[in-house]
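Load the model and keep the sequence beside it. We will walk through the fold in short steps.

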Amino acid sequence: VFRHQLKHCEVYSDYASALGRTNPRSLAELPYLPISFFKSRQIYSNQLTDVETVFKSSGTQGDRSAHYVSDLGLYRASFEWSYRFFIGKPEEQVILALLPNYLEQGDSSLVYMVDQLIQMSRNENSQFMLNDMTNIQRIVTDAQQSGKEVVVFGVAYSLLDLCDLGIELQGVKVIETGGMKGKRKELSKEDLHLKLIKDLQLKVLYSEYGMTELLSQAYSNKYLQFQCPPWMRISIRDLYDPFTLLGDNKRGGINIIDLANVQSCSFIATED
């Protein structure tokens, strides 16, 4: 994949050449493209004859990133495998989505993913919920009584809105994703999860780690440890020397290899 993108992705090729890293001998020597390039450059393979869609970030921190996708089938295959492996079978679930800011912005890869999962559930109660969330308790109760597992995807601030409404979601798989988006005061991930588990009466809270610039996602288990699909790999770089990778239990910047990004760039230096 590196050789392919070095040859066919002009932005990545220029970046690797500028660094003098066109012939890495190990994963540690791979050049990782700063994720900010997705805001200023069009990053895709020159082999593409057509772009099927362009996903854009939420834009809460300024300019929106754009990810040019030539094959939505590859994206669907990636997120469906991960969802089934880490969360469950959508056809056995009622899936509710509390993602208002993503719906308002449009062009969201997260909205596309959840919409596809809702369709896979083939259940009339599966839906996006916008401003009126007061009937979520009824939907959950009806679904559970019919033997369906309930999954709720929600941005952090919408899940906190449920807490304010006194909603209880015992037995529901709640997947937190997307942060506060400027709607509420930021909390640490640990504090956020502790509050949601307590107020929503959850046994376990899941978290999804994904972004516009990636076609793959990681999911956390009950210990807040994230797990990746086999084609996605994480490494941690030194904040003061971005070409030095750190060992275990060290804090630094997150580098990601996502082989599902085969027609854009699979080697990303995130700002997380």
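What follows covers the sheets, then the helices, then the salt bridges.

This is a predicted model, in which local features need pLDDT of at least 70, side-chain atom pairs count only at pLDDT 80 or more, and totals for chains, interfaces and linings use all residues. Residues are numbered from 1 along each chain as its sequence is written, and side-chain values use heavy atoms, with hydrogens and water left out.

Start with the seven-stranded sheet. This sheet is open, its pairing is mixed, and its order is β5-β4-β6-β7-β8-β9-β10. Helices (H or I, at least four residues) and strands (E, at least two) are DSSP runs, numbered from the N terminus. Two strands pair if DSSP finds at least two bridges between them. Which strands form the edges? They are β5 (127–128) and β10 (226–227), and each pairs on one side only.

Strand β4 (residues 93–98) pairs with β5 in the parallel sense, over two bridges. Leucine 96 has glutamine 127 of β5 as its bridge partner.

Now go to β8, residues 205–209. How many of its residues are buried? Five of its five are, so the strand is mostly covered. Buried means under 20% relative accessible area, exposed means over 50%, and partly exposed lies in between (1.4 Å probe, protein chains only). Leu205, Ser207 and Tyr209 point one way from β8. Tyr206 and Glu208 point the other way, and all of these are buried.

Strand β8 has bridges to β7 and to β9. With β7 the sense is parallel, over three bridges. Valine 174 has leucine 205 of β8 as its bridge partner. With β9 (residues 218–220) the sense is antiparallel, over two bridges. There, glutamate 208 has tyrosine 219 of β9 as its bridge partner.

Turn to the four-stranded sheet. It is also open and mixed in pairing, with the order β1-β13-β12-β11. Its edges are β1 (33–34) and β11 (232–237). Each has a single partner strand, so one side of each is left without a neighbour in the sheet. Strands β12 (residues 253–258) and β13 (residues 267–269) run antiparallel and are joined by three bridges. Isoleucine 257 stands opposite phenylalanine 267 in β13.

Next, the helices. Helix α7 (residues 136–145) lies across β4, β5 and β6 (149–154), and runs at about 165° to β4. Axes here are lines fitted to C-alpha atoms, for helices over the stretch in contact, and angles run from 0 to 180 degrees between N-to-C directions.

Helix α8 (residues 156–164) packs against helix α9 (residues 189–199) at an angle of about 35°, with the axes 10 Å apart. On the α8 side, the contact is made by Ala156, Leu159, Leu160 and Cys163. On the α9 side, it is made by Leu192, Lys195, Leu196 and Asp199. Contact means heavy atoms within 4.5 Å. By class, this contact has six nonpolar, no polar and two charged residues. (Ala, Val, Leu, Ile, Met, Phe, Trp, Tyr, Cys and Pro count as nonpolar, Asp, Glu, Lys and Arg as charged, and the others, Gly among them, as polar.)

Stay with α8. Seven of its nine residues are buried. They are Ala156, Tyr157, Ser158, Leu159, Leu160, Leu162 and Cys163. What covers them includes β4, α5 (100–105), α7, β6, β7 (173–176) and α9. After α8 comes glycine 166, whose phi is positive, near 75°.

Finally, the charges. Side chains of opposite charge can pair when their charged atoms come close. The structure holds seven salt bridges, each a side-chain nitrogen of Lys or Arg within 4 Å of a carboxyl oxygen of Asp or Glu.

One is in helix α7. Arginine 138 and aspartate 142 meet there at 3.4 Å, N to O. They are four residues apart in α7, and therefore separated by about one helical turn. Arginine 138 is partly exposed at 45% relative accessibility, and aspartate 142 is partly exposed at 34%.

Another joins arginine 84 to glutamate 91, with the closest N and O atoms 3.0 Å apart. Arginine 84 is partly exposed at 33%, as is glutamate 91 at 26%. Both belong to a network of salt bridges that links Glu80, Arg84 and Glu91.

Lysine 198 and aspartate 199 also form a salt bridge, at 4.0 Å, N to O. Lysine 198 is exposed at 59%, whereas aspartate 199 is partly exposed at 23%.
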